[in-house]
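The structure comes first, then the details.

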Amino acid sequence: MASSESPVGQPQSKKDILLLGATGFMGRIITKYLCAHVQKEHFTVALGARSLDKLEKMVQELGVKEKVDEFVKVDVGSPESVERAVKNARVVINVVGPYWTWGTPVVAACVKHGVHYVDLTGETPWIRKIVLEYHHAATQSGAIIVPSCGYDSIPSDIVPWLANKTLKAYVAANRPGTPFVGLGTSLSAQKHKGGISGGTLASLITGLEDCPPEARREGRKPYSISPFIGRKQPGPRFIYELVIPGAKSIIGGFWVMRNTNVWLVQRTFGLFESRAHEVHASGTATEEEKAEADKARYGPDFVYDEFLQTKSKLSAFVMSACLVVTFTLLTFVRPVRALVKKFGLQSGEGPSEEAMKKGYFEITNITTAGEFTESPITVQTVVTGKGDPGYQLTGVMISESALSLLLPVHNWDVAQEKPAEIRRTTPFAKQGGVLTPMTAFGEDLVNRFCTTSLFTFASYVLEDNGRRIEAKDKDV
């Protein structure tokens, strides 16, 4: 295995994946997953960190030394060091947070050299920053930049994408000749069990301290990262109710990742909507291209929200109130942040492997059709995952996101030694830019998740009595 220290020596051959932050808690999970991947013989992995000794120790502890192709000494605080590391990779997985502090030089280097990028940020102000500063440049270099490729916010991004596919297929089969039908209100109930790591806690606190107040204010505005302004976004509530035709309603309260996930979904909506308008305005687009753009778009009536499921309205109210108080104290009272940093989990600490195996998540979504002259259409979508969503499953999700740019999930020619071209399976990926998981990877990502035996996906149309009248299930 080669080791690369930043300034000197002959450049190594490009590695398919460069993992930055490999020695952290999340980096260890991703390293272990990639090295055990069924397709590992067809891609190369370089691990990046400030200390080569720590990298050596980590791979020995994980028992994966023979599966790692290169160590890269890189300091994310040095743009020059980052650029030297990044330009020798094809896809960068960046798990070094907080991203407001450390992420921008990595994105800048990737955009400059046409290298593709995925991360785990939940920092909407930072996403807004890189959209404003690097989206256009990324379309020029062809770099595919995809933030939020973990539990924040892939499952949330998948849910309306699946609901849209189900709705459009149902209308085409049962109401042929109907003009465009888009999505209307879409509400998700989140249910999960999982732990938290010291690195995540440190990123949260440091992000609050390093991100300027003005950037945080702008990031809190609905559609702040979307190229298209949709319907008015309802504000967060202390108590939510998800009405399911023919079944018991789901009650819940404010979900701590609600804004991060909803704003990311808004960018997906905005990218689809903007592209559809551009295609229809083009004088050269074919009818088939216009139909495909309409099939992908959610429509101007779409508005998404989500909440955390609880047992009762009382527990929902109490949980929501506690979260509001906690985040108010963390945001505005410096001594509280100091106490959390001193006595909370430290970087490198997190849930045990046994605890992570007992984790799970389940998202239940109800989406209605937009403006429609006949009887309304309701789509129910359920997405589940087995394992701690914030760590074990997040490691799977970001790894498969990176791999979707390199290898097809099915029918891979085992005789081929390595991937030849970056796979651009969606119209947005073909252009590059600062994208979202579903605009960058689309159905290919869902198919990859299905092969892991850790996720299930189901989406179907409901009648008023709850009877499923069309189902599109992807279960493993």
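Arg128 and Glu218 form a salt bridge, with their closest N and O atoms 3.7 Å apart; the term means a side-chain nitrogen of Lys or Arg within 4 Å of a carboxyl oxygen of Asp or Glu. This pair links distant parts of the chain, as Arg128 sits in helix H6 (residues 124-141) and Glu218 in helix H9 (residues 213-220), 90 residues apart. Helices here are DSSP runs of H or I with at least four residues, numbered from the N terminus.

Arg128 is partly exposed at 24% relative accessibility, while Glu218 is buried at 18%. Buried means under 20% relative accessible area, exposed over 50%, and partly exposed in between (1.4 Å probe, protein chains only). Salt bridges that share partners join Arg128, Glu218 and Lys221 into one network.

## How the model was read

Please keep in mind that this is a predicted model, where local features need pLDDT of at least 70 and side-chain atom pairs count only at pLDDT 80 or more, while totals for chains, interfaces and linings use all residues. Residues are numbered from 1 along each chain as its sequence is written, and side-chain values use heavy atoms, leaving out hydrogens and water.

## Other salt bridges

The count of salt bridges comes to 19. One of them pairs Arg423 with Asp444, the closest N and O atoms being 3.1 Å apart. Arg423 lies in the loop between helix H15 (392-404) and H16, and Asp444 in helix H18, so the pair ties together parts 21 residues apart in sequence. Asp444 is buried, at 12% relative accessibility.

Glu56 and Lys65 also meet in a salt bridge (2.9 Å, N to O). Glu56 is partly exposed at 26%, and Lys65 is partly exposed at 31%.

Terms used. Helices (H or I, at least four residues) and strands (E, at least two) are DSSP runs, numbered from the N terminus.
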